[in-house]
Amino acid sequence: MAKGSKETPLMKQYNAIKAQYPGALLLFRVGDFYETFCEDAIIASKVLDIVLTKRANGSASHIELAGFPHHALDAYLPRLVRAGHRVAICDQLEDPKSVKGIVKRGVTELVTPGLSFNDQVLDQKVNNYLGSVYFGKNGHGVSFLDLSTGEFSVATGELTYIENLIQSFRPSEILYCRSQREQYQQSFDDQYNTFTLEEWIFSYEYGYEKLIQQFKTDSLKGFGIERLQEGIISAGAILYYLEDTVHKEIAHINSISRIEEDRYVWLDKFTIRNLELLAPQQEGGVPLIQILDHTLTPMGGRLMKKWLVLPLKDLNAIQHRHACVEALCEDEELQLIIRDQLKNIYDIERLISKVGAGRINPRELTQLKKALQALGPIREQLLDSPYAELQALADRINPCTKLHERLQEVLKEDAPMLVHQGNIINDGVNAELDELRAIAFSGKDYLDQIKEREKERTGIPSLKISYNKVFGYYLEVSKAHQDKVPQEWIRKQTLVNAERYITEELKVYEEKILGAEEKLSVIEQAIFRELIQFTAEYIGPIQQDAFAVASIDCLSSFAESALTNEYVKPQMTEEVTLDIKGGRHPVIEKQLPVGEPYIPNDILLNNDDQQIIIITGPNMAGKSALLRQTALIVLMAQMGAFVPASEAKIGWIDKVFTRVGASDNLSKGESTFMVEMTETASIMNNLSERSLILMDEIGRGTSTYDGVSIAWSIVEYLHNHRKAKAKTLFATHYHELNQLAEDFKGIKNYNVSVKEIDGKVIFLRKLQAGGSAHSFGIHVAQLAGMPKPIVTRANEVLAHLEDSRTKERAKERIEAMPKNNFQMNLFDAVDPQLAEVERMLRKLDVNAMTPVEALLKLNELKDKLAVKK
Ligand SMILES: Nc1ncnc2c1ncn2[C@@H]1O[C@H](COP(=O)(O)OP(=O)(O)OP(=O)(O)O)[C@@H](O)[C@H]1O
């Protein structure tokens, strides 16, 4: 707008409010519409596909304008938020009827991608997390809040841990400190919506104070997070942000939990991606969650995702879940009953959050009532079962009987969505309400009586009594009967075929009826507000119920997969052996064409004579499937599910690392091989003796000799690592690596068998002991329809290369390979400080740095090492 121009009072108010929310799109309530202006209007018209108009603005030039009716907010808001916009909703804070001049307005909510209660923005089965990251000197902090459920958690740790958690929680928005932009950008890719906050917010004292204020406690000791300095700082920023975005009613955020690094299996960020736990890597692919998730409640769906990315390490906890699944598998009738009742439990977790935020509508409160009704029978059924584990689960359900009774008594069965629509409260709850209702209804009856009486008196058979907003109740007489209209009727309107009249008597009753209806609505709203307050007392118990129901739902979902897919209960042990008989890939087996069975395979790994298995075999033989299914079976077992195998004995695993071949989708222009090596290095630096490593075609992104050499030395390193004899499956095309089995006790060769019949390859998909002689690559090329001359020539070249003399020399060279037992100082290699320095170095973009920046960075790296001394 031109400077110095004279604004209308409305635009003056608009501009003042707009200035308070920079970066947000402002929806400005004017009468029955939400309006947007200027830049916002241009964006809104594009995103929402609504008309963009221009209008005069006082003596200023024209401004753009786009708006929509206020009742369409639920439909339009999600579209703006999903398009990545922060939306400030500015409402009228006074009743326009009672105000002279301009109505007071203010922002009542700032909706951001990470903060929403709106059912249209939220996905039922997915948590909507707001994340917050703080980079400290001695560690980093992260926290996650789902405003729609009240779940709030925090962790402190090394950067890799924070990265893994971000990958697992997949927040819709991440907050970080404005002065830490560089660290943030170096550590996280740009796939997340972010928002930066000022530096003063990120202090321990501020965060601590904010948290104890929110939880109404004296300290954070009870939450077990007292020492998580950086975590507390990050969580404090979240609470600040809630305030800043006008989220004041947050009673449902009543605790915070620590994400304990020691409790869950460490899945490096490549593992979650490579194993396709939550999302497929390629469009059209199927992730594991799709096979495992048979949950029936939104809470169950959300918890299942969490269980999937946070598998347990504690044997007791794992075995407890297995025992529940087993009981539900054994008692199929109980399983059916429970699943039937779960369907009646709405999203009580989000409903009770809406109670806390004062945003629940009457219909939603009836849903809560119905859910409470269904909780009782679930509890009873499980308590009556002979299984102690299921009884323990049932015990965690609190049927909140008093609340249920109250809701049952007060709330109408078919209460509407909007409070002002009325008809929310039952008859018999409030005497005044009943009386007013009687007046309202009998008043209407009385109108009928008047009509009949007047019909008779005047002899106008078509006499009607109707209502309109302009002059209230009126009598309508068609033109044909005009002559019969009594004198005392007052004419109000003439239509083409009829005349409309009012009478003294009609006016008296109108006032009575309308007055009653208005009062009725006021009383109903007051009772409804009281009911919400009463319900708010139950936030804690219902949150607990939500968790209990979610757990039952997940366990029953595991039982469902076990029954339909023939999974078995894994035997969990403290040993370090992994012994899987007849293992299958849970996703691939569901996708094979009918009649094509999935071929099961056995895998035995320990940290003694079979620590590393080198798997060779032609392309398409099934090497990758075998690697992945082994990790998936372990993870499924540790999340509490049954597994696709005929038998599985699992010495629990603490970390899973996966490095799957050089993929073609280059990210950020780094060479594929570089990515591969960075990822592999991160594995080497984080090993433990309970780790499971999957390496699929490591080294294939470079020349054969480089590739073989790197693969070779990685295998040697893994084998000779003194502290961490990590169990490893190594799939490779380099059969040269088979030589290693002769030199090292813990390395064994296997191959995925194929049969050659009439020059054609038949995939048997069976894992068998021993290496393989050649790689059948040319056969696969032939299968793929490669032109015959190319195949023939390739065979010719191969024959030459495999010429006996060449082969003999290669064999000699491999046998004469200098031996190396990696007797280096392994401490250094696993030192986290060094690893951090290395990671920082790798992430540097030297070409984009000025000499001064380079020097500063060098100094920072030096400081990091100095801390160690
Ligand atoms: N055990 C099995 N039973 C039946 N089909 C299988 C089995 N294992 C793999 N397959 C099928 O074979 C296909 C190829 O398997 P996979 O990708 O594991 O081969 P690979 O040996 O890793 O090949 P490449 O070396 O080309 O990566 C799979 O997509 C699947 O359809």
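**The core and its surroundings**

Tutor: Happy to. The largest nonpolar core has 118 residues, and Val 634 and Val 715 are the members that touch the most others. This core lies between domain 3 (293–400 + 538–565) and domain 5 (571–775), because both of them give residues to it. Please keep in mind throughout that we are looking at a predicted model.

Once neighbours within four places in sequence are set aside, Val 715 is in contact with Ile 612, Phe 730, Leu 737, Leu 740 and Ile 747.

Helix H19 covers residues 539–565, which makes 27 residues. From first C-alpha to last, H19 reaches 38 Å, close to the 39 Å expected at 1.5 Å a residue. Directly after H19 comes Glu 566, with a positive phi near 55 degrees. Glu 566 is in the loop that links H19 to strand S18 (571–573). With 13 other C-beta atoms within 10 Å, Glu 566 is partly exposed.

Lys 354 has 21 C-beta neighbours inside 10 Å, so it counts as buried. Not counting residues up to four places away in sequence, Lys 354 touches Phe 117, Arg 359, Ile 360 and Glu 364. For a sense of scale, Lys 354 and Gln 782 are separated by 428 residues in sequence and by 62 Å in space, C-alpha to C-alpha.

Now for the sheet. Six strands form an open sheet with mixed pairing, in the order S11-S10-S7-S8-S9-S12. Its edge strands are S11 (193–197) and S12 (257–258), each of which pairs on one side only. Inside the sheet, strand S7 (residues 130–135) and strand S10 (residues 173–177) pair in the parallel sense over 4 bridges. Within this part of the sheet, Leu 130 stands opposite Glu 173 in S10.

Two helices pack on this sheet. Helix H4 (residues 159–169) touches S7, strand S8 (140–146) and strand S9 (151–157), and its direction makes about 15 degrees with that of S8. Helix H7 (residues 229–244) touches S7, S8, S9, S10 and S11, with its direction at about 40 degrees to that of S8.

Lys 216 lies in the loop between helix H6 (204–215) and H7. The phi of Lys 216 is near 55 degrees, a positive value in a residue other than glycine. Most residues other than glycine have a negative phi. Lys 216 counts as exposed, because it has 8 C-beta neighbours inside 10 Å.

Definitions and conventions. Residues are numbered from 1 along each chain as its sequence is written. This is a predicted model: local features need pLDDT of at least 70, side-chain atom pairs count only at pLDDT 80 or more; totals for chains, interfaces and linings use all residues. Two strands pair if DSSP finds at least two bridges between them. Two residues are in contact if their C-beta atoms, placed from the backbone, lie within 7 Å. Axes are lines fitted to C-alpha atoms, for helices over the stretch in contact, and angles run from 0 to 180 degrees between N-to-C directions. A nonpolar core is a set of buried Ala, Val, Leu, Ile, Met, Phe, Trp, Tyr and Cys residues joined through C-beta atoms within 7 Å. A residue is buried if 20 or more other C-beta atoms lie within 10 Å of its own, exposed if 12 or fewer, and partly exposed in between; C-beta atoms are placed from the backbone. Domain bounds come from an automatic or database domain assignment. The expected span of a helix is 1.5 Å times one less than its number of residues.
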